[in-house]
Amino acid sequence: MNQFEMMALFIQVAELGSFAAAATQKGIARSVVTRQIAALEAHLGVQLIARSTRRQALTSAGKVYLERCKAIIDLVQQSEAELIEEQLTPKGNLRVSLPLSFGLRHLSDVLMQFAQRYPDIHLELDYSDRMVDVAAEGFDVAIRIASELALSDIVRKIGQCELYFVAAPSYLALHGTPQSPEDLLQHQCLQYSHHSRWMFTESGKEVSFSTKGRIKANNGDALAKAAAAGMGVSLMPDFIARDYLADGRLTRILSDDTQAPIGIYAVLPSNSYLPERVKLVVDFLAENVPISLQEQKGA
């Protein structure tokens, strides 16, 4: 028996007042019960039950230990019951970190559908382009758009998007149109705060280079506005660029230099136990985010 099982057996013996009665209830030999209680006492270094030929009684240490054991067993049983109940009726708080622009465009509606399907799950949505520490900051899941992930990240891919080089017609008229990625070294590049290098595909291989520019931001919509104002060239995801391209505020450049798709990931705090509500929201996003992205492309 493990420690937990011996504690449960001790409770039985104490409440029934008899080794024999506990053995009968468990369907095992009385000698087995005696040995297990003796092993528990040896492990603890105290006598829990005073025995004589006529009777047995809890010692003072046994009385204290009994109450502690009952509290522990009750807590374990309650936890198991709650987990089983959650699987049957998912409930509880769910704290999610979302990138601002993508979150508002593609995740808000999906998560509202999720909330309608699971009314006992309470959502706390944190919209920010800050790179959160999922575990340390108490998030259940964070949605991250990234070309590279830390080796320690526990992730599930839920979608992907394309990247476009774009600039305003006014900027291109003034500074010329880059004909190759290398030409960008002579241009003002509008950069994400946490990315100082841009990547492109050349002859089937990914190549990266450092960019320069006097404007950085941690949000794609902010960079799109800067690009539309003629402040430089930007490399931005299609879900932001599409509206600007459609109405002519931005022009796509270097379209022959294809970009590798960038992944959209659900980042989890741990690869061990995940509450049912976390599994459900990740599955729901993985199913519905690609649909949302496809609908935008078809719009």
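Which helix does Glu41 lie in? I found Glu41 in helix H3, residues 30-44.

**Basis.** I worked from a predicted model, in which local features need pLDDT of at least 70, side-chain atom pairs count only at pLDDT 80 or more, and totals for chains, interfaces and linings use all residues. Residues are numbered from 1 along each chain as its sequence is written, and side-chain values use heavy atoms, with hydrogens and water left out. I took helices (H or I, at least four residues) and strands (E, at least two) as DSSP runs, numbered from the N terminus.

**Glu41.** I noted a relative accessible area of 10% for Glu41, so this residue is buried (under 20%; exposed is over 50%, partly exposed in between; 1.4 Å probe, protein chains only). Setting aside residues up to four places away in sequence, I listed Val46, Gln47, Leu48, Ile49 and Arg51 as touching Glu41 (contact means heavy atoms within 4.5 Å).

**Ser208.** I then turned to Ser208, which is found in strand S10. Ser208 counts as partly exposed because its relative accessibility is 31%. Beyond its neighbours within four places in sequence, Ser208 is in contact with Arg197, Trp198 and Met199. From C-alpha to C-alpha, Ser208 and Asp109 lie 35 Å apart in space, and they are 99 residues apart in sequence.

**Sheet.** I traced an open, mixed sheet of five strands in the order S11-S8-S12-S7-S13 (two strands pair if DSSP finds at least two bridges between them). Its edge strands, each pairing on one side only, are S11 (216-217) and S13 (251-253). Strands S8 (189-192) and S12 (233-237) run parallel and are joined by two bridges; Cys189 stands opposite Val233 in S12.

**Helices on the sheet.** I recorded helix H7 (220-228) lying across S8, S11 and S12, at about 175° to S8. Helix H8 (238-246) lies across S7 (163-167), S8, S12 and S13, at about 120° to S12. Axes are lines fitted to C-alpha atoms, for helices over the stretch in contact, and angles run from 0 to 180 degrees between N-to-C directions.

**Lining of the largest pocket.** I looked up which elements each supply at least two residues of this lining; among them are H5 (100-117), S10 (205-210), S12 and H8. By class, the lining has 22 nonpolar, 14 polar and six charged residues (Ala, Val, Leu, Ile, Met, Phe, Trp, Tyr, Cys and Pro count as nonpolar, Asp, Glu, Lys and Arg as charged, and the others, Gly among them, as polar). A pocket is, on a 1 Å grid over the protein atoms alone, an open set of points where a 1.4 Å probe fits, with protein on both sides within 12 Å along at least five of seven lines; lining residues have an atom within 4 Å of a point.
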